[in-house]
Amino acid sequence: YRVIACGRDAQRLAAVHQYSPNITVRLFDMTDRDACRQALADCTADTVILCAGTCEYLDRGEVDAELVTRVMTTNFIGPVNCLAALQPQLVSGNRVVLV
């Protein structure tokens, strides 16, 4: 398999890239719609797995409205931004997995 790993943490992406020469990385913040479009403009895939997530408002043991908004933006809007950016390249038979 050839894997394109995307994320906003350069150190984590570099660590993932070390696992295999078949893993390439793309650094961007999926909550930024324009960054998604730019980073994924030439990306084609048979299977797209959108698996972003954070739950930092629970990590602190409190429910904070600002943190909940940030979590919802990352967990929901981010994958939608990626899907919208990838949609022009998707063809019949491609698979999209939302985790």
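T74 has its place in helix α4, which covers residues 65-86; helices (H or I, at least four residues) and strands (E, at least two) are DSSP runs, numbered from the N terminus. The model is predicted, so local features need pLDDT of at least 70 and side-chain atom pairs count only at pLDDT 80 or more, while totals for chains, interfaces and linings use all residues. Residues are numbered from 1 along each chain as its sequence is written, and side-chain values use heavy atoms, with hydrogens and water left out.

Biologist: Is T74 buried or exposed?

Modeller: Buried means under 20% relative accessible area and exposed over 50%, with partly exposed in between (1.4 Å probe, protein chains only). Leaving aside neighbours within four places in sequence, T74 is in contact (heavy atoms within 4.5 Å) with residues including R8, M30 and P79. Because its relative accessibility is 6%, T74 counts as buried.

Biologist: Which residue meets R8 in a salt bridge?

Modeller: A salt bridge is a side-chain nitrogen of Lys or Arg within 4 Å of a carboxyl oxygen of Asp or Glu, and by this rule the count comes to 4. One of them joins two side chains at 3.8 Å, N to O, and the partner of R8 is D29. The pair links distant parts of the chain, 21 residues apart, with R8 in the loop between β1 (3-7) and α1 (10-17) and its partner in the loop between β2 (23-27) and α2 (33-40). R8 is partly exposed at 46%, as is the partner at 28%, and that partner is D29.

Biologist: In which helix do R37 and D34 both lie?

Modeller: R37 forms a salt bridge with D34, the closest N and O atoms being 3.6 Å apart. R37 is partly exposed, with a relative accessible area of 46%, whereas D34 counts as exposed at 54%. The two residues are 3 apart, about one turn of the helix, and that helix is α2.
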